[in-house]
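Morning, everyone. Please have the structure up on your screens.

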Amino acid sequence: MCNRYVPPGEAEIERFWHVGRSSPGPFYRSEIFPRSQGPFIRSRNGNRELVVGQWGLIPHFAKSPTLKYNTNNARSEELADKASYRTPWKHGQRCIIPAESFDEPCWETGKNVWWRFRRSDGNPWGLAGLWNTWIDKTTGELFESYTMLTINADHHPIMNRMHKPDPAYGPDDQDKRSVVSIELEDLDTWLTGSIEEASQLIRVPSVDCISAEPSIS
């Protein structure tokens, strides 16, 4: 599961993903952690829109925007059935989460060593996500939020090295997780295509596009 990433600046997001000039609103930090504000791209009325919202999706049935459980990562295998995600998934509320890099923990030494993942081509990542707009029924205030999709990576030569192994399971049955990267040519399909079309894009990033190494932080 991803719990830390670095977003591009607003100008780079607008340039790379061809988002029109916009005012995303809330400030977002240079490093994004769960429940902090981060940028995401969605399609509204046929146009790409840059939005800033909470990293941690607030489902429609939530009683308040402050959740007691984590929704920053969503297992792609559970999107159609899990209560927190099935409505956004059904309604095509898919988004792109821009990231210059993301961090994952490697426990091969017996200790947590953070690795930083960038794209080998120097471009930013466009990570797959779902978004939701939660409305406070008392005040009418709108809260934007999003979650980052993950997929099983047990057989991926790089991603399966990340995260602490569970001794209760074998080496090929760990359910190691990876983010899902949406390539630029697949952007419109992901944002506006059918569920069936979008499902075909949920896969582990190619080894060739990954540049990863232990980070100093």
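**Strand S9 and its neighbours**

Start with strand S4, residues 73–75: S4 pairs with S9 in the parallel sense, over three bridges. Within that pairing, Ala74 has Leu149 of S9 as its bridge partner. Keep in mind that this is a predicted model.

Now S9 itself, residues 142–152. Is S9 enclosed or open? Eight of its 11 residues are buried, so the rest of the structure largely encloses this strand.

Next partner: S3. S3 and S9 also run in the parallel sense, with two bridges between them. Look at Gln54, which stands opposite Ser145 in S9.

Now the antiparallel side. Strand S8, residues 125–135, is joined to S9 by seven bridges, and the two run antiparallel. Ser145 comes up again here: Asn132 stands opposite Ser145 in S9. So what lies between S8 and S9? Six residues, and the two strands form a hairpin. Gly140 sits in the turn, with a positive phi of about 80°.

One further partner. Strand S10, residues 177–179, runs antiparallel to S9 and is joined to it by three bridges. There, Asn152 stands opposite Arg177 in S10.

**Rings**

On to the aromatics. The structure holds seven aromatic pairs. Take Tyr5 and Trp55. Their ring centres are 5.0 Å apart and their planes are at 80°, so this pair is edge-to-face. What does the pair tie together? Tyr5 is in strand S1, residues 5–6, and Trp55 is in strand S3, residues 47–55, so the contact ties together parts that are 50 residues apart in sequence. S3, remember, pairs with S9. Tyr5 and Trp55 are both buried.

Which elements does it link? Trp89 belongs to helix H2, residues 83–90, and Trp190 to helix H3, residues 187–192. These are distant parts of the chain, 101 residues apart. Trp89 is buried, and Trp190 is buried too.

Trp190 has another contact. The charged end of Arg94 sits over the Trp190 ring, 5.6 Å from its centre.

Phe102, Phe117 and Trp125 are linked by ring pairs. Trp125 falls within the residue range of S8.

**Cysteines**

Last topic. How many disulfides are there? The count is zero. For scale, the cut-off for a disulfide is 2.5 Å between the sulfur atoms. Cys209 is in no disulfide either, and its nearest cysteine sulfur is again that of Cys2, 15 Å away.

Are these cysteines buried or exposed? Cys106 counts as buried because its relative accessibility is 4%. Cys209 is buried as well, with a relative accessible area of 12%.

**Recap**

S9 is largely enclosed. S9 pairs with S3, S4, S8 and S10. The disulfide count is zero. Over to you for discussion.

Terms used
Residues are numbered from 1 along each chain as its sequence is written. This is a predicted model: local features need pLDDT of at least 70, side-chain atom pairs count only at pLDDT 80 or more; totals for chains, interfaces and linings use all residues. Side-chain values use heavy atoms; hydrogens and water are left out. Buried means under 20% relative accessible area, exposed over 50%, partly exposed in between (1.4 Å probe, protein chains only). Rings of Phe, Tyr and Trp (its six-membered ring) pair if their centres lie within 6.5 Å; planes under 30 degrees apart count as stacked, over 60 as edge-to-face and the rest as tilted. Helices (H or I, at least four residues) and strands (E, at least two) are DSSP runs, numbered from the N terminus. A charge sits over a ring if NZ of Lys or CZ of Arg is within 6 Å of the ring centre and within 35 degrees of the ring normal. Two strands pair if DSSP finds at least two bridges between them.
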